[in-house]
Amino acid sequence: MVEIKTPEQIAKMREAGLVVAAVHAATREAAVPGATTKDLDEVARKVIAEHGAKSNFLGYGGFPATICTSVNEVVVHGIPDEKTVLKDGDIISIDAGAIVEGWHGDAAFTAFVGTGHAPELIELSRVTEESMWAGIAAVRTGNRLVDISKAIEGYIRRQPRPASGKYGIIEDYGGHGIGSEMHMDPHLLNYVSRKRGKGPKLVPGFCIAIEPMVSLGTAKTHVLADDWTVLTDDKSWSSHWEHSVALTEQGPLVLTAVDGGRAKLAEYGVTAAPDPLA
Ligand code: MG
């Protein structure tokens with residue numbers, strides 16, 4: 001069952017999305033050499049509290065923190081701690097969420113710590129982010145869920161291969177419905193699977209978190225003994241980008257982007273829906 005939202009509910013999700021955007025801005029600024037991932041978690045906790053929102057990550061399945069901090073070969077679900085000190089040249093994916101009046105937002109980005117990153121890493125993050133936008137541009141009435149998967153995978157496969165060989169599109173994790181809970185049906189693959197069918201038709205009120213995860217090597221991952229931290233099997237570095245998106249009668253609204261996705265969607269010839277809070 002896919003939860004279809006009313007415009008009023010989408011407006012609440014927009015409020016939550018803007019809290020997530022504020023967490024992103026603050027943690028991006030704080031992700032500098034010498035900071036610990038615990039420091040970033042503190043920053044996120046404060047921003048969520050200042051907005052009178054609640055964390056959906058803290059306590060989720062026993063998760064002990066407010067954000068996920070995934071450094072270098074960690075793909076997703078890294079746990080912030082005092083031991084992990086960010087170094088010049090690292091890349092970090094920060095995943096954050098917030099709840100406003102019962103409605104959820106969830107988004108992630110990859111940041112470069114310090115300077116001097118190899119062009120291959122910069123391109124990895126760009127390809128991952130852009131594949132997310134290609135997926136978001138496919139959120140339109142009449143499309144099926146698989147059209148989002150196809151857009152994400154298609155974008156990645158069309159890019160020049162990295163020197164390491166090829167991009168690994170992580171298969172063990174994917175996007176998800178979002179709304180009155182953080183993780184809801186349907187599950188969204190970041191690639192097309194013949195086994196999975198086309199998925200539901202997209203209609204106004206459909207909300208989805210779109211989150212490609214891409215590595216410079218394998219698509220295979222494993223989980224550390226802490227039961228959370230997900231690493232690539234070959235230790236290749238990876239990137240993770242995510243936005244929560246609502247389909248409205250006026251088109252897609254990127255709930256967790258400050259401009260609602262207007263600028264990036266325009267590059268795809270798509271007009272973002274008007275911001276219900278504007
Ligand atoms: Mg998510």
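1. Let's start with a loop residue.

1. Let's start with a loop residue. Asp227 sits in the loop between strand 10 and strand 11, and its phi is positive, about 75°, although it is not a glycine.

2. Before going on, a word on the source. This is a predicted model, with residues numbered from 1 along each chain as its sequence is written. Local features need pLDDT of at least 70 and side-chain atom pairs count only at pLDDT 80 or more, while totals for chains, interfaces and linings use all residues; side-chain values use heavy atoms, without hydrogens and water.

3. Glu101 has a positive phi too, near 45°, and is not a glycine either. Its place is the loop between strand 3 (91-100) and strand 4 (103-112). With 61% relative accessibility, Glu101 counts as exposed. For background, most residues other than glycine have a negative phi, and most peptide bonds are trans.

4. Where is there a cis peptide bond? One joins Asp185 and Pro186, with omega about -5°. Pro186 belongs to strand 7 (residues 184-188).

5. An open sheet of three strands runs in the order 2-11-10, with antiparallel pairing (strands pair if DSSP finds at least two bridges between them). Strand 2 (74-76) and strand 10 (221-223) are the edge strands, each pairing on one side only. On average, neighbouring strands of this sheet are turned by 40° against each other, direction ignored (axes are lines fitted to C-alpha atoms, and angles run from 0 to 180 degrees between N-to-C directions).

6. What holds strand 2 to strand 11 (residues 230-232)? Two bridges join them, and in one bridge Val74 has Leu231 as its partner in strand 11.

7. Stepping back, the chain has five helices and 14 strands (DSSP runs numbered from the N terminus: helices are H or I with at least four residues, strands E with at least two). Its radius of gyration is 17 Å, close to the 19 Å from the globule rule for 278 residues, so the chain is as compact as a globular protein of that length (taken over C-alpha atoms; the rule is 2.2 Å times the number of residues to the power 0.38). The C-alpha trace spans about 45 × 45 × 35 Å along its principal axes.

8. Finally, burial: 56% of the 278 residues count as buried.

Key: Buried means under 20% relative accessible area, exposed over 50%, partly exposed in between (1.4 Å probe, protein chains only).
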